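Student: I'd like to learn how to read a sheet and its surroundings in a model like this one. Could you walk me through it?

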Amino acid sequence: MRITRFIAALALTLALAGCSAAEPEGTGETTTVQVSMVDMAYVPDVIEVPRGNRLVIEMSNEDAELHDLVLETGPATERFGQGKTETLDAGIITEDIEGWCSVPPHREMGMTLDIVAID
């Protein structure tokens with residue numbers, strides 16, 4: 001019975017390893033951008049990144065409200081208040097990505113950020 005469980009666990013491990021998403025190969029370069037949150041907006045609200053570069057966003061909240069940044073690809077910051085900073089590793093940028101503040105109703109009020117992959 002032990003050997004059957006071992007073989008089943010090994011098969012599951014190998015199957016899951018084959019399903020893991022690998023990060024795309026990049027240029028090896030990193031683009032770091034400072035973004036402020038002020039007056040219910042990201043400043044700047046458009047970030048241009050060379051395609052294949054890793055993007056690191058250094059965020060500072062200069063607004064009286066709590067804010068965060070959520071990217072459609074998964075990375076996100078915690079919600080944080082005025083005078084605080086967070087760093088977000090957005091990963092290797094291969095395509096345009098939309099980001100937003102998840103605090104209701106900030107996204108609906110226009111608190112969005114666009115990451116544009118440029119060639």
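Tutor: Happy to! Two strands count as paired if DSSP finds at least two bridges between them. Keep in mind that this is a predicted model.

Student: Which strands form the open sheet, and in what order?

Tutor: Four strands take part, in the order E2-E1-E4-E6, with mixed pairing. Strand E2 (41–43) and strand E6 (85–92) are the edge strands, each pairing on one side only. On average, neighbouring strands of this sheet are turned by 30° against each other, direction ignored.

Student: How many bridges join E1 to E2?

Tutor: Three, and strand E1 (residues 30–38) runs antiparallel to E2. For an example, look at Ser36, whose bridge partner in E2 is Val43.

Student: Is Arg54 buried, partly exposed or exposed?

Tutor: Buried means under 20% relative accessible area and exposed over 50%, with partly exposed in between. Arg54 has 24%, so this residue is partly exposed. Arg54 belongs to strand E4 (residues 54–61), and its side chain makes a polar contact of 3.0 Å with that of Asp89. Arg54 also lies 7.3 Å from Gly26, C-alpha to C-alpha, although the two are 28 residues apart in sequence.

Student: Which residues touch the most other members of the largest nonpolar core?

Tutor: Tyr42, Leu55, Ile57 and Ile115 do, in a core of 22 residues. E1, strand E3 (46–50), E4, E6 and strand E8 (112–118) each supply at least two residues of this core. Leaving aside residues up to four places away in sequence, Ile115 touches several residues, including Ile47, Leu55, Ile57, Leu71 and Asp96.

Technical notes. Residues numbered from 1 in each chain as written. Predicted model: local features only at pLDDT ≥ 70, side-chain atom pairs only at ≥ 80, totals over all residues. Heavy atoms only, no water. Buried < 20%, exposed > 50% of the residue type's maximum accessible area, 1.4 Å probe, protein only. Polar contact = N/O pair within 3.5 Å; in protein donor to acceptor, adjacent residues only side chain to side chain. Axes fitted to C-alpha atoms, helices over the stretch in contact; angles between N-to-C directions. Core = buried A, V, L, I, M, F, W, Y, C linked by side-chain atoms within 4.5 Å. Contact = heavy atoms within 4.5 Å.
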